[in-house]
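This report describes selected local features of one protein chain. The model is shown first, and the description follows.

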Amino acid sequence: MAALNILITGASRGLGAALAREFSAPGAHLCLVARDGASLARVAEECTARGATVATALCDVRDAPRLAALLAEWDAAQPFNLVIANAGVTGGTPPDGGLEGWASAERVLGVNLMGVIHTVEPLLPGLVARRAGRVVLIGSVAGFQGLPDSPAYSASKAGLWAYGEALRARLAPLGVGVTCVAPGFFASEMSDRFQGAHPGKLPLEAMAARIARAIRRGRGRAIIPAPLGWLLRLLALLPAPLNDRAARVLRFTIRAE
């Protein structure tokens, strides 16, 4: 892949940080957005050591006007040709077994779905005008099957998958690629908050490498690991009583951040 100007949100830790390291190389320019300044600075140092040039900004992706202004400034200085909307949070059943609650649900949907839209939409006119570039949406296999212990998270990732599928069909004739990514479990602080089984769990760097490979190959979808993703997609086709029973096998609780 040619030298890139790359935007990555949620880049201070976890998958965002791993993807930033994965794409760091001489000639690459990274624009990294996150909320944790100290962690973001460490990631920027790691990427610089690998030969990339790096710009950083602290911004909550729920703040649409501020994020749009920041992205417009960066895109005007050096147009993006790879946009990775990765920022995400989790929520769901707390360790005491209670309900998720509206505040958690609003936060999860605000970051995981609207935060992605806030990231992507301001940059689409420029990408379309240049008839080049790729948008990558980091979802989850949880978007294929509503999980009883993370209803808002499942909803956010299901909405994100539908949004990405629609964008890909809309933008392909205009010269802009879209990759919808649905990771399963991988080693991270977010994954560690899920207190339950982690089937098919991958090391963080292995997940980042597989996603980066799918991006470089221009794939429209990347479900990793594929067996878990396709199993959850098939469960959604079962009659409701059977589907509900199967979903309850996957019970877990979520430790607070």
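Which backbone oxygen does the side chain of Asn5 reach? The side chain of Asn5 reaches that of Gln78, at 2.3 Å, a polar contact being a pair of N or O atoms within 3.5 Å, of which, within protein, one must be able to donate a hydrogen and the other to accept it, with residues adjacent in sequence counted only if both atoms are side-chain atoms.

The model is predicted, so local features need pLDDT of at least 70 and side-chain atom pairs pLDDT 80 or more, whereas totals for chains, interfaces and linings use all residues. Residues are numbered from 1 along each chain as its sequence is written, and side-chain values use heavy atoms, without hydrogens and water.

Asn5 belongs to strand 1 (residues 5–9); helices (H or I, at least four residues) and strands (E, at least two) are DSSP runs numbered from the N terminus. Contacts (heavy atoms within 4.5 Å) of Asn5 include His29, Cys31, Phe80 and Leu82, leaving aside residues up to four places away in sequence.

A nonpolar core is a set of buried Ala, Val, Leu, Ile, Met, Phe, Trp, Tyr and Cys residues joined through side-chain atoms within 4.5 Å. In the largest such core, of 46 residues, the members touching the most others are Leu7, Trp74, Val120, Val135 and Leu137. Helix 6 (residues 151–171) supplies the largest share of this core, seven residues. Another core lies apart from it and has 34 residues, among them Leu19, Leu82, Phe186 and Ile211.

**Helix 3**

Helix 3 (residues 64–77) spans 20 Å from its first C-alpha to its last over 14 residues, close to the expected 20 Å, where the expected span is 1.5 Å times one less than the number of residues. At its start, a side-chain oxygen of Asp63 comes within 3.3 Å of the backbone nitrogen of Arg66.

Leu67, Leu70, Leu71, Trp74 and Asp75 are the buried residues of helix 3. Because these buried residues fall within an arc of 125 degrees when seen down the axis, they line one face of the helix; the arc is that of the directions from the helix axis to the C-beta atoms. They pack against strand 1, strand 2 (29–34), strand 3 (53–58), helix 4 (102–120) and helix 5 (124–130). On the other side, Pro65, Glu73, Ala76 and Ala77 are exposed. Trp74 touches residues including Leu7, Val33, Ala55 and Phe80, not counting those up to four places away in sequence.

**Buried side chains and the aromatic pair**

Buried means under 20% relative accessible area, exposed over 50% and partly exposed in between (1.4 Å probe, protein chains only).

| Residue | Relative accessibility | Class |
|---|---|---|
| Asn5 | 2% | buried |
| Phe144 | 9% | buried |
| Tyr153 | 9% | buried |
| Trp161 | 10% | buried |

A search of the whole structure finds one aromatic pair, pairing requiring ring centres (the six-membered ring for Trp) within 6.5 Å, with planes under 30 degrees apart counted as stacked, over 60 as edge-to-face and the rest as tilted. Phe144 and Trp161 form this edge-to-face pair, 4.9 Å centre to centre with 90 degrees between the planes. Phe144 is in the loop between strand 5 and helix 6, and Trp161 is in helix 6, 17 residues apart.

Tyr153 also lies in helix 6.

**Backbone geometry**

The peptide bond from Ile224 to Pro225 is cis, with omega near -5 degrees, and Pro225 is in the loop between strand 8 (221–224) and helix 9 (226–235). Arg131, although not a glycine, has a positive phi of about 50 degrees.
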